[in-house]
Amino acid sequence: QIQFVEDKQEFSKFPTKTGRRSLSRSISQSSTDSYSSAASYTDSSDDETSPRDKTQVNSRGSTDFCVKNIKQAEFGRREIEIAVQDMSALISLRKRAQGEKPLAGAKIVGCTHITAQTAVLIETLVSLGAQCRWTACNIYSTQNEVAATHRGAGWRGESEDDFWWCIDQCVNTEGWQPNMILDDGGDLTHWVYKKYPNVFKKIRGIVEESVTGVHRLYQLSKAGKLCVPAMNVNDSVTKQKFDNLYCCRESILDGLKRTTDVMFGGKQVVVCGYGEVGKGCCAALKALGSVVCITEIDPICALQGCMDGFRVVKLSEVVRHVDVIITCTGNKNVVTREQLDRMKNGCIVCNMGHSNTEIDVASMRTPELTWERVRSQVDHVIWPDGKRVILLAEGRLLNLSCSTVPTFVLSITATTQALALIELYNAPESRYKQDVYLLPKKMDEYVASLHLATFDAHLTELSDEQAKYLGLNKNGPFKPNYYRYYWSARLEMQFNSSSFPPLA
């Protein structure tokens with residue numbers, strides 16, 4: 001039997017302003033505040049002062065950082081303790097380097113997403129002998145509590161001006177000059193190249209993990225202006241085939257659910273781009289019953305989409321009828337204002353590619369359109385006739401701006417980044433010229449092997465006869481550098497594209 005409370009409680013009345021603030025504070029101070037996205041979303045601080053205008057001091061008396069609230073450092077440490085449980089490969093690197101410091105003397109300046117997983121990477125680099133300074137590569141993906149723990153530069157929701165200011169604070173520091181760059185998107189590399197050319201010339205190596213940043217490196221190389229060796233981690237097997245595919249296969253649903261509470265069954269979805277990210281998104285959406293179409297410029301990727309059961313369309317042909325549009329290309333103006341004008345009421349538009357230029361958000365910031373903030377990172381853009389388009393994270397990376405991503409798959413990427421830094425820092429001058437390089441296949445295989453123990457996986461070993469028959473070393477590498485496993489690469493098309501503005 002259901003018994004109803006007979007108290008005459010007036011449920012229709014909203015709590016008072018004081019009551020709302022108290023409730024918000026109690027939520028944000030609970031254990032959920034240590035959960036990455038919740039802490040960022042429910043920050044109930046009444047202090048709206050910009051971190052740039054506040055003087056904060058940590059427990060060591062240092063002020064050399066700029067974060068939202070240094071008092072959140074304890075929560076950040078809890079986040080890191082959770083993440084480290086699923087990043088055993090980085091811990092293995094630390095153990096294998098005991099007594100050795102392969103990064104001794106390295107001064108690494110990093111510009112990546114500031115998350116608990118990144119913190120585990122930073123602590124690994126420090127344990128290997130490096131000094132690190134870090135800033136955020138995305139204005140919405142920073143976990144404030146983790147930034148507080150590692151006293152970085154950046155906070156969730158910072159402005160574009162704050163973003164570039166934080167990068168400059170990391171680079172332009174008295175008594176400390178970086179000699180290695182770890183970048184995600186190319187913004188840090190671009191800033192050092194433009195603003196501090198003398199520092200750029202002394203960099204020993206650059207490690208880049210995104211399509212956008214890699215493309216910029218190839219532009220510099222092609223123009224003869226890349227004066228340091230760079231490692232293209234984005235197109236390493238352990239980044240493309242795991243982070244890009246499996247991470248996005250899980251996190252696309254997480255981001256959409258948290259922001260819109262959307263039901264996927266029966267929804268008409270267009271995924272723009274059928275590379276690794278697009279493949280992951282399509283697989284997840286199809287599994288939940290969405291009707292998925294894709295757009296592509298590459299006939300090979302398009303044919304793969306057809307064979308996987310997806311219709312290949314032009315966005316302009318279906319834009320009036322779709323419920324969700326997801327960009328995964330790394331290009332610019334994939335969704336234009338003309339297409340936005342033709343979308344139906346309630347269409348959800350978001351980006352899973354790195355670049356924030358895939359959706360022409362700037363064209364929507366006009367007087368005739370009204371913006372309403374519905375919840376964190378969710379905007380209703382309202383047309384004069386009342387039509388609403390739901391824009392997520394202002395066109396920036398959905399999964400890291402609006403949700404979290406699986407730690408284990410980020411462990412693979414972080415291990416790849418760490419090995420790339422070690423390789424570039426310790427390589428003799430004659431090994432790498434002033435160009436862009438892919439991670440050696442043997443190193444990719446080593447990263448994969450470090451993660452197999454998690455699954456209690458046991459590799460089969462070649463006999464001497466089998467190794468001789470295949471012409472292989474029994475210990476690898478087992479595939480040639482040109483082997484792309486079973487997903488096609490689009491390197492030639494990406495790197496020869498003129499869609500990105502030149503840096504020079």
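1. **Confidence at the start of the chain.** Where pLDDT is low, the predicted coordinates should not be read in detail.

2. **Confidence elsewhere.** A further stretch with pLDDT under 50 covers residues 487-504, for which the model has 43 contacts beyond four places in sequence. For the protein chain, the average pLDDT is 86, and 87% of the residues score at least 70.

3. The protein chain contains 20 helices and 14 strands. It has 504 residues, and buried residues make up 54% of them. Among the contacts with a separation of 6 or more, 71% are between residues 24 or more positions apart.

4. **The largest nonpolar core.** This core has 54 residues, and those with the most contacts inside it are Leu90, Leu103, Ile108, Leu125, Val207 and Met231. At least two of its residues come from each of the helices α3 (73-84), α4 (88-96), α5 (116-127), α6 (144-150), α17 (407-426) and α18 (441-452), and from each of the strands β2 (131-136) and β3 (180-183). Helix α17 gives the largest share, 12 residues.

5. **Val207 as an example from the core.** Which residues does Val207 contact, leaving aside its neighbours within four places in sequence? They are Ile181, Leu182, Asp183, Met231, Val233, Gln417, Ala420, Leu421 and Leu424. One of these partners, Met231, is itself listed with Val207 among the residues with the most contacts inside the core.

6. **The largest pocket.** About 1000 Å³ of space lies in the largest pocket. Its lining has 32 residues, and Glu445, Ala448, Ser449, Leu452 and Leu459 lie nearest its centre. Two or more lining residues come from each of α11 (237-260), α17 and α18. The most, 9 residues, come from α18. By class, the lining has 18 nonpolar, 5 polar and 9 charged residues.

7. **The second largest pocket.** The space in this pocket is about 640 Å³. It is lined by 31 residues, and those nearest its centre are Asp64, Cys132, His150, Arg151 and Gly152. The elements α5, β2, α6 and α7 (160-171) each give at least two residues to the lining, with α5 giving the most, 5 residues. The lining divides into 14 nonpolar, 11 polar and 6 charged residues.

8. How many cavities of 30 Å³ or more does the structure hold? There are 2. The second largest cavity has a volume of about 40 Å³. It is lined by 10 residues, of which Gly186, Thr189, Gly213, Arg216 and Leu217 lie nearest its centre. Helices α8 (187-195) and α10 (211-222) are the elements that give two or more residues to this lining, and the largest share, 4 residues, comes from α10. The lining comprises 3 nonpolar, 4 polar and 3 charged residues.

9. **Asn144.** This residue is found in helix α6. Is Asn144 buried or exposed? Asn144 counts as buried because its relative accessible area is 4%, which is under the 20% limit. Asn144 and Trp155 are 11 residues apart in sequence, and their C-alpha atoms are 5.6 Å apart in space.

10. **Two residues with positive phi.** Ala393 has a phi near 55°, a positive value in a residue other than glycine. Asp456, also not a glycine, has a positive phi of about 55°. Ala393 lies in the loop between β13 (388-392) and α16 (398-402), whereas Asp456 is placed in the loop between α18 and α19. Ala393 is buried, because its relative accessibility is 0%. Asp456 is exposed, because its relative accessible area is 55%, which is over the 50% limit.

11. **A cis peptide bond.** The peptide bond from Gly476 to Pro477 is cis, with omega near 0°. Pro477 is part of the loop between α19 (464-470) and α20 (491-495). Helix α20 has the range 491-495, and pLDDT stays under 50 over residues 487-504.

Key: Residues numbered from 1 in each chain as written. Predicted model: local features only at pLDDT ≥ 70, side-chain atom pairs only at ≥ 80, totals over all residues. Heavy atoms only, no water. pLDDT = per-residue confidence, 0-100. Contact = heavy atoms within 4.5 Å. Core = buried A, V, L, I, M, F, W, Y, C linked by side-chain atoms within 4.5 Å. Buried < 20%, exposed > 50% of the residue type's maximum accessible area, 1.4 Å probe, protein only. 1 Å grid on protein atoms, 1.4 Å probe; cavity = no way out; pocket = protein on both sides within 12 Å on 5 of 7 lines; lining within 4 Å. Points joined across faces, edges and corners; volume = space filled by probe spheres on them. Nonpolar A, V, L, I, M, F, W, Y, C, P; charged D, E, K, R; others polar.
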